[in-house]
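Have a look at it first, then read on.

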Amino acid sequence: MGVYPIMYILFDTGRLLDGIQDLRPYELPHHTEGGYTWHVFHRRHYTFTDSADDFRQALAWMRGDRQPPLYDGAEPEPNVFYFTLGDPRDDDSRVDFEFLDDHQMLLPVDARKRHVVAQISFNGSKNECFLSPFHPAWPIVRAVLAVTQPVHAHVTGDVFCTEDASLDLERIALGVKASTFIGPEQLAHLPDDAFAHFAFVERIGGGMWLTIPVPHPQGSQTVGAALCDRHREAGRVLAQQLSDAAPTL
């Protein structure tokens with residue numbers, strides 16, 4: 001499985017915790033090696049046999065001052081919590097969700113009580129800022145968007161990091177790419193015609209999914225350059241509207 005593209009999701013912590021157990025049918029509990037940060041030794045694999053209170057405690061500790069220690073024992077405390085979702089019949093459907101401690105530090109202190117950042121990876125190619133509706137991972141990602149209603153999410157096609165400042169809160173919360181989810185809070189601050197020029201929009205719960213419609217892989221049609229250009233330009237305009245109007249965390 002590839003580790004690209006990468007998708008960043010800004011979750012409302014309350015909605016994430018309320019909806020996470022609804023994702024249990026998609027859990028792949030025995031996949032413990034996936035994700036972009038598989039090489040980090042001190043990771044904690046969250047399983048859905050853990051309670052939502054356990055997950056709440058782990059997220060709160062990650063974004064807090066790390067005292068007291070979360071777990072007993074001599075091993076260093078984990079700085080990544082992760083879980084894996086997918087269809088056990090199709091390895092290409094696998095989606096790894098990682099919650100990194102340094103990502104949470106990008107949020108204002110008060111916002112860390114209400115929000116958490118996740119980095120997800122699925123099978124694909126680097127620089128592919130797009131999630132096809134025919135990709136085996138799309139039903140999994142769509143289910144996550146539906147039950148957790150994130151504040152914002154988009155596919156970046158690459159991984160960014162805090163160390164070189166390529167990843168910041170603006171990229172996470174306001175980025176618009178070919179495949180983007182605009183959550184309820186942001187949607188409420190946008191004009192009625194904000195999505196008029198996108199190639200494809202789909203209402204998912206209280207948010208909106210924006211992407212480029214693609215023909216079925218077994219079909220003969222192609223997506224025209226003009227449609228892609230229109231979608232890209234609409235994304236540029238929307239990014240500016242979000243920057244101007246969306247509430248600050």
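## The chain at a glance

The chain holds 7 helices and 9 strands; helices (H or I, at least four residues) and strands (E, at least two) are DSSP runs, numbered from the N terminus. Bear in mind that this is a predicted model, where local features need pLDDT of at least 70 and side-chain atom pairs count only at pLDDT 80 or more, while totals for chains, interfaces and linings use all residues. Residues are numbered from 1 along each chain as its sequence is written, and side-chain values use heavy atoms, with hydrogens and water left out.

Of the 249 residues, 49% count as buried (under 20% relative accessible area, with exposed over 50% and partly exposed in between; 1.4 Å probe, protein chains only). The accessible surface is about 11,800 Å², and carbon and sulfur atoms own 52% of that (Shrake-Rupley method, 1.4 Å probe; for residues, only the protein chains shown count as cover). Take the contacts (heavy atoms within 4.5 Å) with a separation of 6 or more: 72% of them link residues 24 or more positions apart.

## The sheet

Now for the strands. They form an open sheet of 9 strands with mixed pairing, in the order β2-β3-β4-β5-β1-β6-β7-β9-β8 (two strands pair if DSSP finds at least two bridges between them). Strands β2 (43–45) and β8 sit at the edges, each pairing on one side only. On average, neighbouring strands are turned by 20° against each other, direction ignored (axes are lines fitted to C-alpha atoms, for helices over the stretch in contact, and angles run from 0 to 180 degrees between N-to-C directions).

β1 and β6 run antiparallel, joined by 4 bridges, and Tyr8 stands opposite His154 in β6. Helix α4 packs on the sheet and touches β1, β3, β4, β5, β6, β7 (180–182), β8 and β9, its direction making about 50° with that of β8. Helix α7 (residues 225–245) packs on the sheet too, touching β6, β7, β8 and β9, at about 145° to the direction of β9.

## The hairpin of β8 and β9

β8 (residues 200–204) and β9 (residues 207–211) pair in the antiparallel sense over 5 bridges, with Val201 opposite Leu210 in β9. There are 2 residues between the strands, and Gly205 takes a positive phi near 60°.

## Nonpolar cores

Which residues touch the most other members of the largest nonpolar core? Met7, Phe55, Phe83, Phe97 and Phe99 do, in a core of 37 residues (a set of buried Ala, Val, Leu, Ile, Met, Phe, Trp, Tyr and Cys residues joined through side-chain atoms within 4.5 Å). Helix α4 gives the most to this core, with 6 residues. Apart from it lies another core of 25 residues, among them Leu10, Phe160, Ala173 and Leu187.

Thr13 lies in helix α1 (residues 13–19) and is buried, with a relative accessible area of 5%. A polar atom of its side chain lies 3.3 Å from the backbone nitrogen of His115.

Key
A polar contact is a pair of N or O atoms within 3.5 Å; within protein, one must be able to donate a hydrogen and the other to accept it, and residues adjacent in sequence count only if both atoms are side-chain atoms.
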